[in-house]
Amino acid sequence: FQENSEVPLSRIKIIDNSIAGVEKWFQNKVPSGQAKIHLPEIIEILEKLAFLIKANEKSFSLEEPELSILLASLLSEYEQARRIETGIDSQTIYKELNSTGFVHSDEFGLSFNTTMFLDYFAARELSKKYLEKNETIENRLNKLSWRDLIVIMASKLPSANGLIADIFKR
């Protein structure tokens, strides 16, 4: 602030800007390098994976074979809903996820490149679950590992007023 007379960006805004940059990059890929899976689906997969990692509370990654089983299930769901083309294999999904720069996957599993990315994507998924059924945070309020996520989640809600009231009720 002292150097630029601007308030520094929050972690959330930095990642929002990073996603916008990845989105531009995806749109500008040459036709031969076009993604087989569109960015909204990739982001949604990252959200689901991050949430599962955080819910596990033992690790910062998903290991094989659990990762392959989960991705196969998600790909099947997306194919049936016609959100992605049929016949996409696991190597393609790993390549697309890695191309975002948010995660790294190899033969052992998948991990987020920083805990900041992990928390951000898990919080986005938590906000969706909260909007569907606000009981999702009940068991997480007293857990230290979920506190940052709940704060990030509040920024992803249309209005945090309901969340704040809900927290004070508990």
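1. The chain holds seven helices and three strands, where helices (H or I, at least four residues) and strands (E, at least two) are DSSP runs numbered from the N terminus. Along the sequence these elements follow the pattern α-α-β-α-α-β-β-α-α-α. The model is predicted, so that local features need pLDDT of at least 70 and side-chain atom pairs count only at pLDDT 80 or more, whereas totals for chains, interfaces and linings use all residues. Residues are numbered from 1 along each chain as its sequence is written, and side-chain values use heavy atoms, with hydrogens and water left out.

2. On the chain as a whole, buried residues make up 38% of the 170 residues; buried means under 20% relative accessible area, exposed over 50% and partly exposed in between, with a 1.4 Å probe and protein chains only. Among contacts between residues at least 6 apart in sequence, 67% join residues at least 24 apart, a contact being heavy atoms within 4.5 Å.

3. Helix H2 (residues 39–56) and helix H4 (residues 90–99) have axes that come within 10 Å and cross at roughly 90°, which makes H2 roughly perpendicular to H4. Axes here are lines fitted to C-alpha atoms, for helices over the stretch in contact, and angles run from 0 to 180 degrees between N-to-C directions; angles under 35 degrees count as roughly parallel, over 145 as roughly antiparallel, 65 to 115 as roughly perpendicular and the rest as oblique. From H2, Ile-42, Ile-45, Leu-46 and Leu-49 meet Ile-93, Glu-96 and Leu-97 in H4. The residues of this contact divide into six nonpolar, no polar and one charged, with Ala, Val, Leu, Ile, Met, Phe, Trp, Tyr, Cys and Pro counted as nonpolar, Asp, Glu, Lys and Arg as charged, and the others, Gly among them, as polar.

4. The axes of helix H1 (residues 11–27) and H5 come within 11 Å and cross at roughly 85°, and H1 and H5 are therefore roughly perpendicular to each other. H1 contributes Arg-11, Ile-12, Ile-15, Asp-16 and Ile-19 to the contact, while H5 contributes Met-116, Phe-117, Asp-119, Tyr-120, Phe-121 and Arg-124. These residues divide into seven nonpolar, no polar and four charged.

5. A search of the whole structure finds five aromatic pairs, where rings of Phe, Tyr and Trp (its six-membered ring) pair if their centres lie within 6.5 Å, and planes under 30 degrees apart count as stacked, over 60 as edge-to-face and the rest as tilted. The rings of Phe-102 and Phe-121 are edge-to-face, because their centres are 5.1 Å apart and their planes lie at 65°. This pair links distant parts of the chain, 19 residues apart, with Phe-102 in the loop between H4 and strand S2 (103–106) and Phe-121 in helix H5 (residues 115–132). Phe-102 is buried at a relative accessible area of 2%, and Phe-121 is buried at 0%. Tyr-120 and Phe-121 also form an edge-to-face pair, since their ring centres are 5.3 Å apart and their planes lie at 85°. Phe-102, Phe-112, Phe-117, Tyr-120 and Phe-121 form one aromatic cluster.

6. Two charges deserve a look. The charged end of Lys-129 sits over the ring of Phe-51, 5.1 Å from its centre, and that of Arg-140 sits over the ring of Trp-146, 4.4 Å from its centre; the criterion is NZ of Lys or CZ of Arg within 6 Å of the ring centre and within 35 degrees of the ring normal.
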